[in-house]
Amino acid sequence: MKISVSFTKKQRGRKDLNEKKYYMAIGNDELQDKPVVHEGDKIICPHCRKIHPLECALQNGVKTEIMMFYSCRKKSYLAAIENKLLGGLKKG
Ligand SMILES: [Zn+2]
């Protein structure tokens with residue numbers, strides 16, 4: 001699976017990330033057993049232990065749940081891919 005996304009201004013956070021695209025590869029069965037999440041679902045932050053909502057990435061200017069992020073202390077972190085919560089994160 002190959003995913004390409006761009007970031008909203010808020011998600012970018014840093015100017016130098018402006019027009020970059022990100023690619024990542026994930027094994028087909030790697031996320032199979034992870035909890036299913038959607039935009040607005042809450043996660044327990046591994047950084048500050050507070051609850052943060054999931055935000056969609058943008059793909060060609062359109063919101064997509066293919067990748068979702070959460071924000072903590074003005075930084076954004078990848079939280080979910082194809083609606084599956086990444087390892088190490090828990091629903092809040
Ligand atoms: Zn946090």
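Two strands are taken to pair if DSSP finds at least two bridges between them, and the strands themselves (E, at least two residues), like the helices (H or I, at least four residues), are DSSP runs numbered from the N terminus. The structure described here is a predicted model, in which local features need pLDDT of at least 70 and side-chain atom pairs count only at pLDDT 80 or more, while totals for chains, interfaces and linings use all residues. Residues are numbered from 1 along each chain as its sequence is written.

The protein chain has 1 helix and 9 strands, and these elements follow one another from the N terminus in the order β-α-β-β-β-β-β-β-β-β. A residue is called buried if 20 or more other C-beta atoms lie within 10 Å of its own, exposed if 12 or fewer do, and partly exposed in between, with the C-beta atoms placed from the backbone. By this criterion, 17% of the 92 residues of the protein chain count as buried. Two residues are in contact if their C-beta atoms, placed from the backbone, lie within 7 Å; among the contacts in the protein chain with a separation of 6 or more, 49% are made by residues 24 or more positions apart.

Strand 5 (residues 55-59) pairs with strand 6 (residues 62-72) in the antiparallel sense over 5 bridges, and glutamate 55 has phenylalanine 69 in strand 6 as its bridge partner. The hairpin that these two strands form has 2 residues between them, and asparagine 60 in the turn has a positive phi of about 55°. Strand 6 is joined in turn to strand 7 by 6 bridges, the two strands running antiparallel; in this pairing tyrosine 70 stands opposite tyrosine 77, and cysteine 72 stands opposite lysine 75. Here too the hairpin has 2 residues between the strands, and arginine 73 takes a positive phi near 50°. Strand 7 and strand 8 pair in the antiparallel sense over 2 bridges, with alanine 80 opposite leucine 85, and their hairpin has 2 residues between the strands, where glutamate 82 in the turn has a positive phi of about 50°.

Asparagine 83 lies in the loop between strand 7 (75-81) and strand 8 (84-85). This residue is partly exposed because 18 other C-beta atoms lie within 10 Å. Beyond its neighbours within four places in sequence, asparagine 83 is in contact with Val36, Val37, His38 and Glu65, and its C-alpha atom is separated by 8.1 Å from that of proline 35, 48 residues apart along the chain.

In soluble globular proteins, nonpolar side chains tend to be buried together. A nonpolar core is defined as a set of buried Ala, Val, Leu, Ile, Met, Phe, Trp, Tyr and Cys residues joined through C-beta atoms within 7 Å. The largest such core has 14 residues, of which Leu54, Met68, Ala79 and Ala80 touch the most other members. Strand 5, strand 6 and strand 7 each supply at least two residues of this core, and strand 6 gives the most, with 4 residues. Leaving aside neighbours within four places in sequence, leucine 54 has contacts that include Val37, Ile43, Met68, Tyr70, Ala79 and Ala80.

Lysine 42 lies in strand 3 (residues 42-44) and is partly exposed, since 15 other C-beta atoms are within 10 Å. Not counting residues up to four places away in sequence, lysine 42 touches Ile51, His52, Pro53, Lys91 and Gly92.
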